[in-house]
Amino acid sequence: MLTLEKSHKLFDKAARSLVGGVNSPVRSFKGVGADMLFAQKARGAYVWDADGNKYIDYIMSWGGLILGHAHKPVAGAAIEAIKNGSSFGLATDQEIGLAGLVKEHYPSVDKVRFVASGTEACMTAVRLARAFTRRPKIIKFDGCYHGHFDSLLVKSGSGNLTLGIPSGEGILPAYARDTVSIPFNDIELFKKTLEENKEKVACVIVEPVLCNTGVILPKEGFLKALVDVARQNKVIVIFDEVVTGFRLSLKGAQGLWGVVPDLTCFGKIIGGGFPVGAVGGRQDIMDLLAPVGPVYQAGTFSGNPVSIAAGIKALEILASDKAFYKDLEKKTARLVAIIRKEALANGIALTVNTIGSVFSVFFTDREVMSYADTLGADKARYVRFFALLCQEGVLFPPSAFEACFVSQAHSDSAIEKTGAAVQKIFRIIRRT
Ligand SMILES: *Cc1c(COP(=O)(O)O)cnc(C)c1O
C-alpha cells in the first residue's frame with residue numbers, strides 16, 4: 001500500500017486556507033473519490049508526491065510538457081531569462097521570436113497576441129469574432145473545454161464534467177442564452193443550428209480533437225465540412241488548439257487535416273511548461289485588437305519573458321527533430337496496443353481513443369464519438385482502475401474525462417512498466 005501520510009497532512013492544512021485545498025478543481029481528486037496527492041518534484045516522465053512515492057506521470061501538466069518535466073534546455077532558457085528580469089511591462093524582442101515560430105508552422109496565423117492562459121486566449125478570440133461580425137451568438141460543442149470564461153462554460157468538459165457541473169453557476173442567463181452548445185461530429189445539426197440562428201452567429205469554437213472529455217476524434221470530413229459551412233454563413237471559425245497545437249503535429253490539428261480556421265487559440269506547449277496563452281489568425285480580424293483597433297485586451301503578464309523564453313526553446317527543439325512526433329506516436333501506440341490487448345484477454349469492455357501522443361480509456365464496449373457517449377462509460381470502473389494504477393506507481397488523470405499525455409521523456413521501459421501495471425490490474429478487475 002502507498003503511504004500518503006504527508007499528502008494527508010498537507011490536505012488538512014491546505015483546506016484551511018485554499019478552497020478545497022486546491023487552485024484548480026480536478027487536482028482535488030474528487031472525480032475519482034481518492035485522496036489527493038501533493039506534488040513534490042518531477043523529472044522527465046516521473047513525478048514524486050509529498051511522501052516520496054514515485055509515479056510514471058500521464059498528466060504531464062495537462063499536456064504542456066511534451067518534452068517531459070524539468071527538461072534541462074527548456075528550464076535553462078527560463079533561468080537565463082529570469083536573470084535579466086522576470087517581467088517588464090514592456091515589449092521584448094523575444095515575443096517577436098515566439099510569434100515568428102507560431103506563424104511559421106501555422107499558415108492560418110498572420111498575427112499573434114500573447115496572453116497568460118488558454119482561458120484568456122479563447123475569451124479574446126470570441127470577443128474578436130463578435131466585434132468582427134457584429135453578431136452575438138457562439139456555437140460550441142458539448143464536452144469541449146475552452147477555459148473558464150462565462151460564455152464558454154456551457155456543457156463544458158474538463159473539471160466541470162468531472163465534478164458533474166457541466167455549466168456551473170454564477171453565469172448570467174444572457175451569457176448562456178447566446179451560447180449554443182451542440183453535439184460534436186454532427187454536421188447536419190450544425191447546419192440546422194446556423195439556420196435557426198440566421199445571421200446571429202458570430203463564431204463556432206471547437207477543439208478539433210476533444211481532449212477534455214477524454215479523447216474524441218473528429219469523424220472523417222467533419223472539420224473540413226465545419227469550416228466550409230461556417231464560411232458560407234460568414235461565421236468565424238475558431239480552433240481551440242490549446243492542447244492540440246504543437247502536440248498532434250508541429251502544425252497542430254489544422255495541419256494534420258489541412259483545414260484553415262480564421263482564429264486559433266494556443267496555450268500549454270507554447271509556454272514550455274510556463275503560464276501562457278495566445279490567439280492568432282487573420283490579419284483583418286486580429287487588427288481589431290487595441291491598440292490598432294477598438295477591441296480591448298491587455299495583461300500584466302501577457303508575453304511574460306520567462307514563459308516566452310521557455311516556449312521558444314521548446315518549439316525550437318520540436319521543430320529541429322524530424323522524427324520527434326513519429327517517435328512519440330510510436331511509443332503511445334505501443335502502450336495503447338498493450339492496454340487493448342490486455343482488456344481483450346481479460347474480457348474487459350474497453351474503448352481506447354487515441355491520436356498522436358494522447359489517449360484515453362473508456363470502460364465501455366461502444367465506440368466513443370461524443371460527449372453523450374462518454375457518459376455511457378463505466379465511471380466506477382475508472383475510479384477503481386485509477387486507484388490501482390497509483391498503487392503500481394502510474395499516475396493517470398484523476399478523472400474519467402481527461403486525456404493521458406505521453407512525452408518524449410517516457411522511455412520504452414516506462415511504457416513497458418505501465419503496460420505491465422495495466423495487465424496486473426485488469427486481472428484483478430476481471431474477477432470483481
Ligand atoms: C487547458 C485548456 C484551456 C484553458 O487553458 P488554461 O491555460 O488552463 O486557461 C482551453 N482550451 C483547451 C482545449 C484546454 O485544454
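Before I start, residues are numbered from 1 along each chain as its sequence is written, and side-chain values use heavy atoms, with hydrogens and water left out. Since we are looking at a predicted model, local features need pLDDT of at least 70 and side-chain atom pairs count only at pLDDT 80 or more, while totals for chains, interfaces and linings use all residues.

Let me begin with the sheet. Helices (H or I, at least four residues) and strands (E, at least two) are DSSP runs, numbered from the N terminus, and two strands pair if DSSP finds at least two bridges between them. Here 3 strands form an open sheet in the order β11-β12-β14, with antiparallel pairing. The edge strands, each pairing on one side only, are β11, at 351-355, and β14, at 404-405. Strand β12, which covers residues 358-362, is joined to β14 by 2 bridges, and these two strands run antiparallel. Across from Phe405 in β14 stands Val358.

Now to the backbone. Most residues other than glycine have a negative phi, and most peptide bonds are trans. Against that background, the peptide bond from Ala290 to Pro291 is cis, with omega near 15°, and Pro291 has its place in the loop between α10 (283-286) and α11 (305-320).

Two further residues, neither of them a glycine, have a positive phi: Met60, at about 45°, and Asn185, at about 70°. Met60 is found in the loop between β3 (54-57) and α2 (72-83), whereas Asn185 lies in the loop between β6 (179-182) and α7 (187-196). Are these residues buried or exposed? By the cut-offs used here, buried means under 20% relative accessible area, exposed over 50%, and partly exposed in between, with a 1.4 Å probe and protein chains only. Met60 is buried, with a relative accessible area of 0%, and Asn185 also counts as buried, at 6% relative accessibility.

Finally, let us turn to Gly159, which has its place in helix α5, residues 159-162. Gly159 counts as buried because its relative accessibility is 11%. Which residues does Gly159 contact, leaving aside its neighbours within four places in sequence? With contact taken as heavy atoms within 4.5 Å, the partners of Gly159 are Val26 and Glu402. As for Leu101, it is 58 residues from Gly159 in sequence, and the two are 31 Å apart in space, C-alpha to C-alpha.
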